[in-house]
Amino acid sequence: MGCMMMSKDRYRRTAKLNDFEEYLATNQKFKGRAQCYKTLPYLTAGTDSPTEANLLAFLSVNGIQNITPNFEVSLRNGARRYIDLAVPNLKLGLEYQGAYHSDALQMRKDANRMNQLIDMGWVIIQVTSSDMRTTESRNQLLAKIQRAITRQTALKKLIQNS
């Protein structure tokens, strides 16, 4: 919930990380305070949903670093698109596809956006609640992302050496 309060959307943004830190420092006695302190390292500004924040925390805990939430990509036509979670230097993006994306119009918009990003060389992995449901599915997702990182890293080196 804290990540939602630090949304990239300025209209939904109601807090910054230091607001949470100050609250914990000045309110010494309340149930759950110790747990709140434990979650501080996982609060990330710029995510737009608890599911994105959970995915980001999961990846971070499992050693995948340098992830930027809501990374802005400028298209050739001057338009801008945002990738839910991105490893920008590898052109690897993760898009969380929740129930909001099941509307027919939204699905067409998402497909168009994905195709624009892919056309610019981005690799996009789509993530759903099923990917995060069980330990096995989370491990499979993690392995898929690690394979994509390995491929993109190799491709980047190949391009740099040519």
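Residues are numbered from 1 along each chain as its sequence is written, and side-chain values use heavy atoms, with hydrogens and water left out. Because the model is predicted, local features need pLDDT of at least 70 and side-chain atom pairs count only at pLDDT 80 or more, while totals for chains, interfaces and linings use all residues.

The protein has seven helices and four strands. Both are DSSP runs numbered from the N terminus: helices are H or I with at least four residues, strands are E with at least two. From the N terminus on, the order is α-α-α-α-β-β-β-α-β-α-α. Of the 162 residues, 36% count as buried. Buried means under 20% relative accessible area, exposed means over 50%, and partly exposed lies in between (1.4 Å probe, protein chains only). Contacts are heavy atoms within 4.5 Å. Among contacts with a separation of 6 or more, 50% join residues 24 or more positions apart.

The largest nonpolar core has 19 residues. Such a core is a set of buried Ala, Val, Leu, Ile, Met, Phe, Trp, Tyr and Cys residues joined through side-chain atoms within 4.5 Å. Those with the most contacts inside it include Leu 55, Ile 125, Val 127 and Leu 141. Two or more residues come from each of α4 (50-61), β2 (80-87), β3 (92-96), β4 (123-127) and α7 (135-161). A second, separate core of nine residues includes Val 73, Ala 86, Trp 122 and Ile 124. Beyond its neighbours within four places in sequence, Val 127 is in contact with Leu 55, Glu 95, Tyr 96, Gln 97, Met 132 and Leu 141.

Helix α4 buries Glu 52, Ala 53, Leu 55, Leu 56, Ala 57, Phe 58 and Leu 59. Just after α4, Gly 63 takes a positive phi of about 85 degrees. In α7, the buried residues are Ser 137, Leu 141, Leu 142, Ile 145, Ala 148 and Gln 152. Their cover includes α4, β3, β4 and α6 (129-133). Gln 146 also lies in α7. This residue is partly exposed, with a relative accessible area of 37%. Gln 146 and Ile 64 are 82 residues apart in sequence, yet 8.1 Å apart in space, C-alpha to C-alpha. Ile 159 is another residue of α7. It counts as exposed because its relative accessibility is 55%.

The model has four salt bridges. Each is a side-chain nitrogen of Lys or Arg within 4 Å of a carboxyl oxygen of Asp or Glu. In one of them, Arg 76 pairs with Asp 119, the closest N and O atoms being 3.0 Å apart. Arg 76 sits in the loop between β1 (68-74) and β2, and Asp 119 in helix α5 (residues 104-119), 43 residues apart. Both residues are exposed. Arg 113 and Glu 95 meet in another salt bridge (2.8 Å, N to O). This pair links helix α5 with strand β3. Arg 113 is buried at 13% relative accessible area, and Glu 95 is buried at 0%. Arg 113 also bridges to Asp 110, with N and O atoms 3.9 Å apart. These two both lie in α5, three residues apart, about one turn of the helix. Asp 110 is buried too, like Arg 113.
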